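Hi,

Here is the structure I promised to send over.

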Amino acid sequence: MWPLILDRLKKVLWSLRVRVHNDTRPLRLRLLQWRLGKLPVVADPGGGAAVIVAPHPDDDIFGAGGLIAMKRDGGFPVRVIFLTNGEAAHDSCCGMRHELVGQARRDLAVDACKALGVEAEELRWCSLPDGGIPRRNEAGYAEAVEQLAWLLKESGASEVYCPHVADGWRDHVSANRLVVVAVRHSGLSLRIFGYLVWALYDPPLTEILKLRARKGRRLDIDRVKSRKSAAMGLYLDASPAPCGFPYCGRLPQSLIDAVREPYEVFLPVPDA
Ligand SMILES: [Zn+2]
Ligand SMILES: [Zn+2]
């Protein structure tokens, strides 16, 4: 009797939590935009070679495609490190085989990066598990830190861009932590910046409140916006997977609209 009641209660509480979370999303987004609106707008991405770390093929373009195009226009080298192949994008729709999804996303990433001036030889692939980028005390963590530190050294870059923890999405938060630890491990004095992808759709309240917005910057990407949009189109409008959805998965339209805005946000990491 009691276990049944407890089970019922747990389910009710969970659905209530989900409902509150969904209902407060527009409010959280407005709060985030208000905080980001305080950031200074810059028209120049700054000099120096850059590394973009993407948990999945497409995060680089969605979060920092404008910056990539502007850096390349300025003649600065840009390297992209993909932590996973994004092979789990169809787990919740058609269950398409991981090797097929991963390969398709890698091919699309090559085209999308090329469209912004980054050739295939500037791409690096870590092939960590999609949905399971390792965290401290998890299998494969030490190896992942070692590999990423080596790739950062090899790049010769002076700055690295990775997802900000405000993205909330597990792999994005793991990628952020991995980059911070790998930079420390490498002994390089790389500057780390966080870009936003999922935060522009569903930002956690705690992270919004923690944002030290004034320390970041909004990069005006208006002059390269159409090229970024075309690169995004390579992911979103390419011939879809057999289930009918893009290989990068079914993304909310409001997220796509948000990353098509004429500016990109970069926040210093760690931001404590
Ligand atoms: Zn992602
Ligand atoms: Zn599918």
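**What turned up**

Among contacts in the protein chain with a separation of 6 or more, 83% are between residues 24 or more positions apart. Do keep in mind that this is a predicted model.

Overall picture first. The protein chain has nine helices and eight strands. Its C-alpha atoms fill a box of roughly 70 × 45 × 40 Å along the principal axes. The radius of gyration is 19 Å, and since a compact globule with 272 residues would come out near 19 Å, the two agree. As for burial, 40% of the 272 residues count as buried.

Now the sheet. The eight strands make an open sheet with mixed pairing, and the order across it is E1-E7-E8-E6-E5-E2-E3-E4. E1 (41-42) and E4 (123-128) stand at the edges with a single partner strand each, so one side of each has no neighbour in the sheet.

H5 (residues 141-155) lies across E2 (50-54), E3, E4 and E5 (159-163), and it runs at about 175° to E4. H6 (residues 170-186) also packs on the sheet, where it touches E2, E3, E5, E6 (191-195) and E8 (263-269). The direction of H6 makes about 155° with that of E5.

Cheers

How values were computed. Residues are numbered from 1 along each chain as its sequence is written. Chains are lettered from A and ligands numbered from 1 in the order in which they are written. This is a predicted model: local features need pLDDT of at least 70, side-chain atom pairs count only at pLDDT 80 or more; totals for chains, interfaces and linings use all residues. Two strands pair if DSSP finds at least two bridges between them. Helices (H or I, at least four residues) and strands (E, at least two) are DSSP runs, numbered from the N terminus. Two residues are in contact if their C-beta atoms, placed from the backbone, lie within 7 Å. Axes are lines fitted to C-alpha atoms, for helices over the stretch in contact, and angles run from 0 to 180 degrees between N-to-C directions. The radius of gyration is taken over C-alpha atoms; the globule rule is 2.2 Å times the number of residues to the power 0.38. A residue is buried if 20 or more other C-beta atoms lie within 10 Å of its own, exposed if 12 or fewer, and partly exposed in between; C-beta atoms are placed from the backbone.
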